[in-house]
Amino acid sequence: MSTRNDKKEVETTGHSWDGIEEYNNPLPRWWVWVFYATIAWGIWYTVAYPAWPGLKEATAGYLGFSTRARVANEMAAVDAANADMVAALETVDLAALKDDENLHGFAVNMGSAVFKANCSQCHGSGAAGAKGYPALIDDDWIWGGRIDEIAYTVTNGIRNEQSFSARGYGGVMPSFADVFSGEETSAVVAYVRGISGQEHDAALAAEGETLFLDNCASCHGDAGMGSLAATREYEDPTALYPDGEMTGALNLTDAIWLYGGDEAAITETLVKGRAGVMPAWSEEFRPGSGLSAAEINAVAAYVHQLGGGQ
Amino acid sequence: MSSPEAPEQLYAAREPVFPRRVKGKFRNLKWLIMIVTLGIYYLTPWIRWDRGPELPDQAVLVDLASRRFFFFWIEIWPHEFYFVAGLLIMAGLGLFLFTSALGRVWCGYACPQTVWTDLFILVERWVEGDRNARVRLWNAKWSVNKARLRLTKWVLWALIALATGGAWVFYFTDAPTLLVNLVNGSAHPIAYTTVFILTATTFFFGGIAREQVCIYACPWPRIQAAMMDEDTITIGYRHWRGEPRGKLKKQAVDANQGDCIDCMACVNVCPMGIDIRNGQQMECITCGLCIDACDEMMDKIGKPRGLVDYLALKDEESETQGKPTIPVLKHILRPRTILYTALWSIVGFALVFALFIRSDIDMTVSPVRNPTFIVKSDGTIRNVYEVRLRNKHGEARPFGLALNNGSELNLDVEGSEGTIITVNADEMKNVRVYVEAPAGSEAASSERVPFTFWVTDLTNQERASVDTIFNGRNN
């Protein structure tokens with residue numbers, strides 16, 4: 001406390017509450033100077049940094065600081081740090097990716113982010129799929145589960161009308177409502193349930209066999225194994241089949257059903273047909289919003305290691 | 001309440017303290033503790049400890065970059081931070097114990113502030129002479145001689161401070177490498193900044209601020225006051241023996257005069273600049289130097305030692321009534337200190353126990369429940385697990401994975417042919433593991449099947465296990 005008022009009577013504010021009075025001492029000098037300093041600081045700060053709101057935006061500030069720019073810089077720094085890996089991923093031989101443990105690990109992490117942002121809406125965040133959207137973690141592949149095949153599917157899409165090289169182009173599961181009578185439909189359903197090892201009426205299924213061979217086997221194969229198996233059986237299994245050869249007809253003999261394997265679901269498929277579409281993700285088909293070659297390779301690597309990769 | 005006419009001054013300028021040199025048993029103990037503690041501090045980073053080619057060979061290392069703490073044969077990982085928590089609890093309880101038994105013994109002997117201040121005062125005495133010379137120098141006008149002495153002292157202080165700040169950073173990275181880098185200017189700026197800040201603070205706290213740190217800055221003396229009682233050992237002056245004090249006159253000791261000859265020896269040696277004869281004071285760090293000084297004087301005038309002594313508050317009451325001195329051990333052994341010792345030991349034993357039983361293998365299993373299970377084309381039910389394996393050793397090691405429920409469930413590891421997982425040295429590996437129940441098996445059609453993952457370190461056959469659940473089709 002200051003000793004300045006030692007000699008004279010201390011002035012009071014004149015207020016009195018229950019006999020308690022308030023001294024009217026001057027503020028300590030150091031306090032006043034700090035107060036002035038804060039004012040000076042405040043003025044400097046509003047000039048140096050974005051502060052004064054305008055009609056459209058605030059003043060930019062003399063120092064040109066911006067949190068957005070800082071985030072952009074940080075992201076650019078991360079991108080720069082990853083540039084070598086991304087460049088390597090762009091041109092990598094996918095079949096040999098797993099041999100480079102470091103690059104593969106990077107690809108899986110990057111692919112995980114790409115998947116969550118772009119693929120999980122249909123295939124699910126755990127890649128378990130849903131009705132009409134194939135699960136990517138099982139061992140059943142419609143269009144091939146090798147890493148290069150996955151990358152091809154992501155790049156070109158399925159039933160992509162912009163591209164003749166997209167697989168399944170022009171091929172869908174047609175409606176058989178005009179072909180089969182109600183009874184014939186039941187017979188074919190019974191037969192399909194039979195070849196997939198489910199409960200069925202054997203007599204009805206025997207009727208359905210001929211109908212199946214006449215109408216369905218052209219795509220699903222005589223044994224009902226689907227187009228992928230047919231392609232793999234007759235030709236070089238390591239070749240990539242971009243078009244034509246593959247229709248995407250499902251394997252009807254296994255335990256996995258894209259649209260459901262019970263009688264009602266199979267009947268509905270038969271009567272109404274199915275035509276699932278996978279969008280193409282390359283820049284070629286979605287300019288400005290597509291995935292880069294490195295991102296496609298990364299997401300292929302990620303999907304490939306989820307458990308179903310071939 | 002001070003009247004407005006004469007308000008109390010709340011600011012007092014520091015009275016410089018010039019502690020005189022003293023000899024005695026407590027002084028010797030303080031020298032010993034200084035040599036041991038400073039020796040530990042300066043030399044520890046230079047001790048080497050072989051951990052194999054992939055791990056650092058520094059015996060004590062806080063490796064912030066890879067988040068490890070190495071202490072000789074012990075390696076603490078971040079998830080074992082509870083060891084540090086336990087050590088802090090022990091340190092706390094230890095301080096409670098020592099404070100309730102021996103008062104501010106930490107302040108007087110082991111506190112870095114005390115130890116470094118002691119060292120700085122020693123240097124000051126070497127350069128400028130003992131108390132009287134230093135007082136004279138303090139009062140003298142600036143001259144070439146004063147400047148020379150001051151400069152010499154400051155340079156020596158700065159060198160000690162630099163060594164102190166420099167030693168700190170060696171605990172955080174390989175010391176020999178860092179020393180070379182520090183000297184040739186290629187060390188990280190953080191290292192230089194840390195060295196600079198610690199050098200500056202050491203110089204300031206040890207050389208300039210000294211006892212003011214204890215009096216004004218340190219919270220510990222205040223906390224300690226709450227833990228002391230009438231049995232706590234502090235430094236006291238036997239005023240019932242010393243008073244009334246009087247100057248020693250040749251051959252003529254007044255019969256009414258007490259033992260204190262008012263020689264001021266106890267005041268002159270005090271590093272805190274207080275007079276212990278005024279009784280217990282906040283400033284007193286109980287370093288015992290006044291005891292040494294007084295004992296020396298008592299020996300000279302042929303009086304018994306112990307006019308200034310380590311005493312408890314209780315002693316005053318009993319000794320003024322003419323009872324014999326209570327032995328120190330009797331003060332120290334009381335329920336409170338025994339309880340602190342017991343608690344301290346329990347935590348200590350628990351930590352040592354935890355250290356010995358901690359598994360060398362670290363495996364965590366998190367079931368992937370998105371989705372809960374997968375049907376494969378042949379009807380097999382598959383569950384996915386994220387298995388994390390930690391290799392705490394200095395070389396890459398293979399780990400074998402197995403299930404206890406082998407007949408029903410099958411095991412598969414993503415990206416590898418068998419079930420052997422190789423983890424690099426001192427790393428953690430995350431693998432996707434598949435557990436499958438064949439179509440039609442009991443596990444496949446049930447709701448939940450508990451089972452156990454077993455992992456074997458194939459190098460030393462050590463095993464560990466984690467229990468988890470398999471979700472069947474009816475989940």
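I started with R48(B), which is partly exposed at a relative accessible area of 31% (buried is under 20%, exposed over 50%, partly exposed in between, with a 1.4 Å probe and protein chains only). The model is a predicted one, where local features need pLDDT of at least 70, side-chain atom pairs count only at pLDDT 80 or more, and totals for chains, interfaces and linings use all residues. Residues are numbered from 1 along each chain as its sequence is written, chains are lettered from A in the order written, and side-chain values use heavy atoms, without hydrogens and water.

Next I looked up the partner. The side chain of R48(B) meets that of D57(B) in a salt bridge of 3.2 Å, N to O (a Lys or Arg side-chain nitrogen within 4 Å of a carboxyl oxygen of Asp or Glu). D57(B) is partly exposed too, because its relative accessibility is 34%.

Then I checked D231(B) and K314(B), which form a salt bridge at 3.1 Å, N to O. D231(B) lies in a loop between helix 10 and strand 4 of chain B and K314(B) in helix 14, so the pair ties together parts 83 residues apart in sequence (helices are DSSP runs of H or I, at least four residues; strands are runs of E, at least two). At 11%, D231(B) counts as buried, while K314(B), at 35%, is partly exposed.

I also found D118(B) and K30(B) in a salt bridge of 3.8 Å, N to O. This pair links helix 4 and helix 1 of chain B, 88 residues apart.

How many salt bridges does the structure hold over all chains? I noted 35.
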